[in-house]
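I opened the model today to look up a few local features. My entries follow in the order I made them.

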Amino acid sequence: MQCPPILPSRSTLVLLLSLAGAMPALAQELTVVSFGGSYQEAQSKALFVPAAKALGIKLKEETYSSIADLRLKVKAGAVTWDVVASGSGSAARAGSEGILEKLDYKVIDTSSFVPGTAQDYCVGGDVFSTVLAWNTKTYGEKGPQSWADFWDVKTFPGKRSYRKGVAGALEPALMADGVPPEKVYEVLSQPGGIERAIKKIRELKPHIAVWWSSGAQHAQLMKDGEVDMITGWNGRFDVAAKDGAKVAYTFNQALLDYDCFAVAKGAPNKDLAMKFLAEISKPQYQAEFTKYITYGPTNKKAYDLGTIEAAYAKSLPSHPDNAAKQVPIDLDWYTKFETQASAAYQNMLTE
């Protein structure tokens with residue numbers, strides 16, 4: 001004889017339902033990837049962790065070397081990242097390739113952003129400069145002041161370090177070759193322009209001791225005193241100087257650029273990623289970020305909060321006095337020519 005099933009009593013059901021209601025829902029987890037070192041540490045403290053807390057989500061951080069790492073994941077259909085940090089030029093190219101999601105600007109408010117720092121596939125996070133920096137132990141506080149000086153190995157003898165990737169590498173070479181800053185992209189867009197820049201870098205090649213591939217690396221080179229002159233990102237050098245590095249730099253003929261945040265194509269949490277980008281684009285986050293590294297905000301309202309001291313603001317790349325000395329990066333050029341330029345540049349490196 002089959003026994004009837006034993007059903008829970010009404011009081012037991014009420015208890016079970018109340019316990020289920022009391023259990024917290026599992027928080028969504030977002031994976032964010034950036035470039036590591038002092039830069040990502042600053043992002044984590046000022047942007048990522050506070051935003052995740054405000055949204056009530058879990059956060060997983062990873063590091064990568066460049067957008068090329070994402071390209072491999074997308075092609076393999078193995079995307080595990082949601083939000084990726086990127087340089088503006090690389091993001092423009094990646095968006096045109098189809099490896100980034102188009103951003104939802106109905107969710108992300110960029111109405112008070114610096115013009116040109118929000119594009120279809122990437123929203124600006126900070127303004128930075130690719131600068132000429134030098135070892136103050138070698139050259140003193142007033143070292144080389146132009147790209148022509150960087151190439152002048154007689155007046156400024158010593159070991160150089162230059163970027164291994166093409167982004168921000170060709171423009172200084174043309175200025176060293178006598179091209180006026182405002183004509184750099186015009187020349188680079190003409191037949192023979194890329195080759196002219198690479199030829200100039202080839203001249204300097206015997207004096208380049210290290211070809212750097214990350215911000216953490218070029219900061220460490222100056223901390224260790226391994227080279228005398230280097231290209232790189234202003235904020236990384238400021239952090240290195242605070243840690244005792246003998247390093248100074250100039251904004252003269254620097255490249256004014258911005259880093260941005262994108263959403264990987266096929267991101268596991270696309271909608272949440274858009275909300276996360278909306279959160280970290282708010283002025284209070286960007287103002288906080290400047291406390292950790294000397295990169296300027298893309299949200300102009302960050303300057304209106306009163307949390308960025310006026311004297312400190314004058315040291316930031318986007319301050320009008322500093323911006324006036326620089327060459328703004330041309331994203332259209334990178335979209336059209338970066339693939340071609342990168343191939344030619346890598347050929348030069350392996351000669």
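Predicted model: local features only at pLDDT ≥ 70, side-chain atom pairs only at ≥ 80, totals over all residues.

I started with Gln253, which lies in strand S9 (residues 247–263). The phi of Gln253 is near 60°, a positive value in a residue other than glycine. I noted the background for that: most residues other than glycine have a negative phi. Is Gln253 buried or exposed? I found a relative accessibility of 17% for Gln253; the cut-off for buried is under 20%, so Gln253 counts as buried.

Next I looked at strand S1, residues 29–34. Five of its six residues are buried, so S1 is largely enclosed by the rest of the structure. I then checked what S1 pairs with. Strand S2 (residues 58–63) runs parallel to S1, and six bridges join the two. Which residues stand across from Val32? In S2, the bridge partner of Val32 is Glu61, and in S3, Val83 stands opposite Val32.

I turned to the helix packing on H16 (residues 331–349). Helix H4 (residues 88–97) packs against H16 at an angle of about 65°, and the axes are 8 Å apart. I recorded the crossing of H4 and H16 as right-handed. From H4, the contact takes in Ser88, Gly89, Ser90, Ala92, Arg93 and Ser96; from H16, it takes in Leu331, Tyr334, Thr335, Glu338 and Thr339. I sorted the residues of this contact by class and got three nonpolar, six polar and two charged.

The crossing of H9 and H16 is right-handed. On the H9 side I listed Ile194, Ile198, Ile201 and Arg202. They meet Trp333, Phe337, Gln340, Ala341, Ala344, Tyr345 and Met348 in H16. By class, I have nine nonpolar, one polar and one charged for the contact of H9 with H16.

My last entry is helix H12, residues 270–280. Eight of its 11 residues are buried, so I put H12 down as largely enclosed by the rest of the structure. The buried residues are Leu272, Ala273, Met274, Phe276, Leu277, Ala278, Glu279 and Ile280.

Notes:
Residues numbered from 1 in each chain as written. Heavy atoms only, no water. Buried < 20%, exposed > 50% of the residue type's maximum accessible area, 1.4 Å probe, protein only. Helix = DSSP H or I, 4+ residues; strand = E, 2+ residues; numbered from the N terminus. Pairing = 2+ DSSP bridges. Axes fitted to C-alpha atoms, helices over the stretch in contact; angles between N-to-C directions. Left-handed = near helix turned anticlockwise from the far one by under 90°. Contact = heavy atoms within 4.5 Å. Nonpolar A, V, L, I, M, F, W, Y, C, P; charged D, E, K, R; others polar.
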